[in-house]
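Hello,

Please find the structure below, for your files. My notes follow it.

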Amino acid sequence: MNCFSHNLNSIMQEKKVKACDLSRMTGISKARISQYMHGIYIPKAQAMEDIAFALGVPSERLMNSEHVARYKRMRILGDISCGIPSFAYEENGESVITDTGIDADFCLIAKGDSMKDARIYEGDTVFLKECDMVNNGDIAAVIIDDEATLKRVYYYPEIEKIVLIPENPKYEPLIYVGEELNKIRIIGRAVAFRASLL
């Protein structure tokens, strides 16, 4: 039994939660919960967070220092619209745990359905690498005046034009040309997404 499984079993005993209960609360199969409990596998970051949430404990309580090294805490800077641009870009003090394989600087929570065909849905966490320019076709968080949106970006410097494309046919592309480009600012390229638990 590894340190994680020891901690998991102790907390489950303390909370009077059985494997079937934890499976129901997290959506993780009972067989996989059993493997975690017996130390056969250590969960990835999302499953770790789901289990901690279901048990009502900080995720750090499930890990020892060896496991902590495999994960990092990512700050959430707020919500970002996947529809009509709207969002105040500010740090809200919340964070999520992710594994160290995701090379991102911050994350945002998706709102709306304009990126659904890219499999980004309401409530999903979007991990972003901070940058002020992306390749054409990249999904990026873009500030327009003081609001923000998540879209595919196409920039044509030779004709001073930027096109922000949704991934939902019910939304029209957002097109900016000439001096309108002065109010556009890319803040990050999307590098990973995590589905909402809801």
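This is a predicted model: local features need pLDDT of at least 70, side-chain atom pairs count only at pLDDT 80 or more; totals for chains, interfaces and linings use all residues.

Residues are numbered from 1 along each chain as its sequence is written, and side-chain values use heavy atoms, with hydrogens and water left out.

The mean pLDDT (the predictor's confidence in each residue, from 0 to 100) is 84 for the protein chain, and 84% of its residues reach 70 or more. Helices (H or I, at least four residues) and strands (E, at least two) are DSSP runs, numbered from the N terminus.

Helix α1 has buried residues F4, S5, N7, L8, I11 and M12; buried means under 20% relative accessible area, exposed over 50%, partly exposed in between, with a 1.4 Å probe and protein chains only. They lie on the same side of α1, because they cover an arc of only 160° around the axis, taken from the directions from the helix axis to the C-beta atoms. Just after α1, K16 has a positive phi of about 60°.

In strand β5 (residues 139–144), six of the six residues are buried, so the strand is largely enclosed by the rest of the structure. Pairing requires at least two DSSP bridges between the strands. A140 has its bridge partner K151 in β6, and V142 has I186 in β9.

Regards
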